[in-house]
Amino acid sequence: DLPLARCHGAVLAGDLVSPINVPPHANSAMDGIGLRSDDLAAGRWQLVGEVLAGQPRSEPVLAGQAVQIMTGAPLPPGVDTVVMREETRLDGEWVSVSAPVKAGQNVRQAGEDLALGAVAIAAGTRLGAPQLGLAASLGQARLSVRAPLKVALFSTGDEVQAPGETLAPGHIFDSNRFTLMALIAGAGCEVMDLGIIPDDPVILRQQLAQAAADTDLVLSSGGVSVGNADFIKQVLAELGQIAFWRIQMRPGRPLAFGKLGQTPFFGLPGNPVAAMICFLQFVEPAIARLQGRVWQPLRLSALAEQQMKSRPGRTEFLRGIFHQDASGVLRVRTTGPQGSGILSSMSDANCLIEIVPAQPAIAVGERVWIHPLQGRVA
């Protein structure tokens with residue numbers, strides 16, 4: 001249960017049921033004059049007052065009468081029709097209209113937006129700006145939200161060094177942990193950063209067991225290929241179970257998944273692009289499921305602006321740049337060289353291009369699926 005101002009990005013724990021009608025009363029949708037629908041034939045009405053937003057009028061409006069009324073002002077007794085100001089003519093205390101009038105026009109009925117007792121926000125919704133505004137409009141100062149998931153993250157490999165250190169010969173800087181920390185935080189989770197764990201099965205076993213006990217999800221990068229020094233699969237089998245450790249996808253073939261006791265574990269590839277794509281395709285949906293959310297990434301159809309190659313029998317994700325042409329058609333091209341270690345290709349991309357196993361090659365003008373990255377990798 002948190003104050004509304006601290007709920008941004010949190011996941012709603014239970015349905016928010018509207019305690020009121022929205023709007024709470026019938027009101028004017030326009031600045032103009034309020035009339036009775038049973039008195040529209042009069043053609044000319046005497047103005048008997050003005051109704052402002054937040055200042056209800058209790059005195060009824062009778063036949064032959066009208067009131068000036070502002071947008072959002074509650075309708076006084078008898079009034080059920082509003083004529084916009086631009087379609088009226090004033091002559092002293094009398095008013096007439098210059099356009100046809102339909103009974104009930106320009107009126108928002110009580111409960112029209114949201115009825116008393118209706119579900120305003122469903123459980124499992126991640127709360128963004130519109131939802132917070134809606135909750136506030138219902139008078140909710142606090143909301144019941146799920147506790148953020150805790151995700152343990154570490155990198156493996158004796159060749160991996162933290163940024164800021166002097167790079168030893170044959171070593172590389174650990175970029176994966178920082179991209180993954182940002183992606184985890186962007187998904188609304190808390191990160192437990194375990195740093196870089198060396199290629200030592202004893203240390204790895206101890207860290208994995210502790211992480212599984214303290215968090216909701218354990219995530220690693222590196223250490224799941226077929227190298228002799230890759231211990232992740234071995235330790236995973238000892239502490240829990242392996243569901244799979246290789247998939248028909250490029251980049252990202254060496255992806256491990258299993259459980260450490262009851263805690264899910266993903267072993268992502270060491271290649272930077274492969275690690276990010278595996279996160280987007282597997283970990284992000286898993287996080288949403290653990291959060292109790294129903295979530296599906298956006299997938300759009302676009303026309304290829306260049307030839308693209310793939311190997312049949314597997315799904316391939318290329319980094320792409322899509323745009324909308326003058327006719328409104330989505331078109332897409334790649335960012336250039338697609339090696340799974342070229343992190344700049346993800347930096348330049350605004351989408352992933354999905355080439356399905358049945359498409360061994362893509363011709364210019366052929367349709368492909370794209371996954372926009374806006375809002376997912378920020």
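**View 1. Packing of helix α3.** The buried residues of α3 pack against β13 (150–156), β16 (190–197), β17 (217–221), α4 (232–239), β20 (256–260) and β21 (263–268), where contact means heavy atoms within 4.5 Å. The model is predicted, so that local features need pLDDT of at least 70 and side-chain atom pairs count only at pLDDT 80 or more, whereas totals for chains, interfaces and linings use all residues. Residues are numbered from 1 along each chain as its sequence is written, and side-chain values use heavy atoms, with hydrogens and water left out. Helices (H or I, at least four residues) and strands (E, at least two) are DSSP runs, numbered from the N terminus.

View 2. Leu-204, Leu-208, Ala-211 and Ala-212 are the buried residues of α3 (buried means under 20% relative accessible area, exposed over 50%, with a 1.4 Å probe and protein chains only). Seen down the axis of α3, these buried residues fall within an arc of 100 degrees, taken from the directions from the helix axis to the C-beta atoms, and so they line one face of the helix. On the other side of α3, Val-202, Gln-206 and Ala-213 are exposed.

**View 3. The start of helix α3.** Here a side-chain oxygen of Asp-200 reaches to within 2.9 Å of the backbone nitrogen of Val-202.

**View 4. Glu-316 in strand β24.** Glu-316, which lies in strand β24 (residues 315–324), is buried, with a relative accessible area of 3%. Leaving aside neighbours within four places in sequence, Glu-316 is in contact with Arg-250, Lys-309, Ser-310, Arg-311, Ile-353, Glu-354 and Ile-355.

Terms used
Polar contact = N/O pair within 3.5 Å; in protein donor to acceptor, adjacent residues only side chain to side chain.
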